[in-house]
Amino acid sequence: IGVFSGVFSAILLPLFGAIVDHTPHRKAIGQWAAILLSIIKGIEIFVSKSTWFFISILQVLNYVLYQAHLCAAYAYTAELSIDPKEQTIYNARFQTINYFSMLAFLIVVTLTSSLLHVGDIGQARVSQTLAFIVCSIVFGLAWKWFFHPRPALRQVPDNSTLLTAGFRKLSHTSSEIVQHWAPLRYFLLSVMLSESATGALSTISTTYMIHVLNMTSSQIGYVFLCVFVAGIPGSKLGGMIGLKINPLRSALLCLVVFIINTSLAAWIMTGEESQHLMYLFAAIWGVCLGWLHPTNAALYCTIIPRGQESELMGLYLFSGLVFSWVPPFLFTFLNEIGASMRIGLGSLNLFFAGGFVFLKMIGDYQDAVDFALSRGGGGDDDTWSSKESCDGSSLPELT
């Protein structure tokens, strides 16, 4: 499911981005994605042994719609401010609210299930019932009152249709970034690796807890409770460090902590006797998750040229998805050839380390910010406003 979700989302995201960029339907994309997500939550209430396969197929659609929703929401987020400090504060607050919400959700589901004395299937139904109610209310309020219609940022090019514009633009913009815009190039390569690892962490760690640590479903639930609780100070910590030393250095430091924690987890947790240590490692992972995501978003928002926020936020989402299937595939492959699951868990460090290396290649953060501010601002259909690239080479107009 994780592999298919990542592949289909990566394929369809450029189309969502084209609608957001080239039509006045940005709000409609977010609204309809929210409506359909809520409907899926309602259908999932009927999960059972006889419906599990259909529900599992819905998870792929659920993930694709979630990415469409993010594409629309991130387009608004990028336009909130061009000031690095403000973006850091905004994204840290968003992540804090996110973790508070997940923590509250988990507590309510756990308490309700305990009071009703339901089993695993009953707990899943309680969870989806609450998700349906919350999504319907929160999405309804947000898209009805707080997000406003936005005009098309640019027209569909003459040689394209709306169906192909997103893919052509993705290819064209990616090519120009690779050739001429070094900070964005290295940042997006970093995101491709680090975000794929963080996205796979929950799946891989759950498999590890079941098959290596022999933990029960209740114990695994408490582990994720530790992750959510730790994510709250993690997002606060990321915001403070980002303001203190800049988002780039903050992201580098976070990846170092990720690598150390994952290495120690794979080395120390060897069996059932190590179950208690999982809560500690999970808490540190939670801090890092709460720290990295808003820091990456703030960093990206401050090094992209003005006037292309919507398009480039779509590219940011695409970069986070394009390799999302690789860590689960590598973990499964290693398991199938007989390698220890400890090696599989440690394989996540390949992606964290790769993300670190590419972030280091960005160079000076303030230089990247100044370059973006001085060279952006057109909002023109296909023209980057600079003729000189960030790495000093000649940058042709995108026509």
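**A salt bridge, a helix pair and a nonpolar patch**

The structure holds one salt bridge (a side-chain nitrogen of Lys or Arg within 4 Å of a carboxyl oxygen of Asp or Glu). This is a predicted model, in which local features need pLDDT of at least 70 and side-chain atom pairs count only at pLDDT 80 or more, while totals for chains, interfaces and linings use all residues. Residues are numbered from 1 along each chain as its sequence is written, and side-chain values use heavy atoms, with hydrogens and water left out.

Student: Which side chains meet in the salt bridge, and at what N to O distance?

Tutor: Side chains of opposite charge can pair when their charged atoms come close. Here the partners are E44 and K41, with N to O at 2.9 Å.

Student: Is E44 buried or exposed?

Tutor: Buried means under 20% relative accessible area, exposed over 50%, and partly exposed in between (1.4 Å probe, protein chains only). E44 has a relative accessible area of 3%. Therefore E44 is buried.

Student: How are α9 and α10 oriented to each other?

Tutor: Helices are DSSP runs (H or I, at least four residues), numbered from the N terminus. The axes of α9 (residues 247-268) and α10 (residues 275-303) come within 9 Å and cross at roughly 155°; axes are lines fitted to C-alpha atoms, for helices over the stretch in contact, with angles from 0 to 180 degrees between N-to-C directions. Angles over 145 degrees count as roughly antiparallel, under 35 as roughly parallel, 65 to 115 as roughly perpendicular and the rest as oblique. So α9 and α10 are roughly antiparallel.

Student: Where is N246, and is N246 buried or exposed?

Tutor: N246 is found in the loop between α8 (217-245) and α9. Although not a glycine, N246 has a positive phi of about 95°. Its relative accessibility is 17%, so N246 counts as buried.

Student: What about H117, buried or exposed?

Tutor: H117 is in the loop between α4 (84-116) and α5 (120-146). H117 is not a glycine either, yet has a positive phi of about 55°. With a relative accessible area of 72%, H117 is exposed.

Student: Which helix supplies the largest share of the nonpolar patch?

Tutor: The patch, including F4, F167 and W325, has about 1000 Å² of accessible area together. Its residues have over 30% relative accessible area and no salt bridge, with nonpolar side chains joined within 5 Å. Both α1 (2-22) and α12 (326-336) supply at least two residues. The largest share, five residues, comes from α1.

How values were computed. Patches are made of residues with over 30% relative accessible area and no salt bridge: like charges are joined within 9 Å, nonpolar side chains (Val, Leu, Ile, Met, Phe, Trp, Tyr) within 5 Å. Accessible areas come from the Shrake-Rupley method with a 1.4 Å probe; for residues, only the protein chains shown count as cover.
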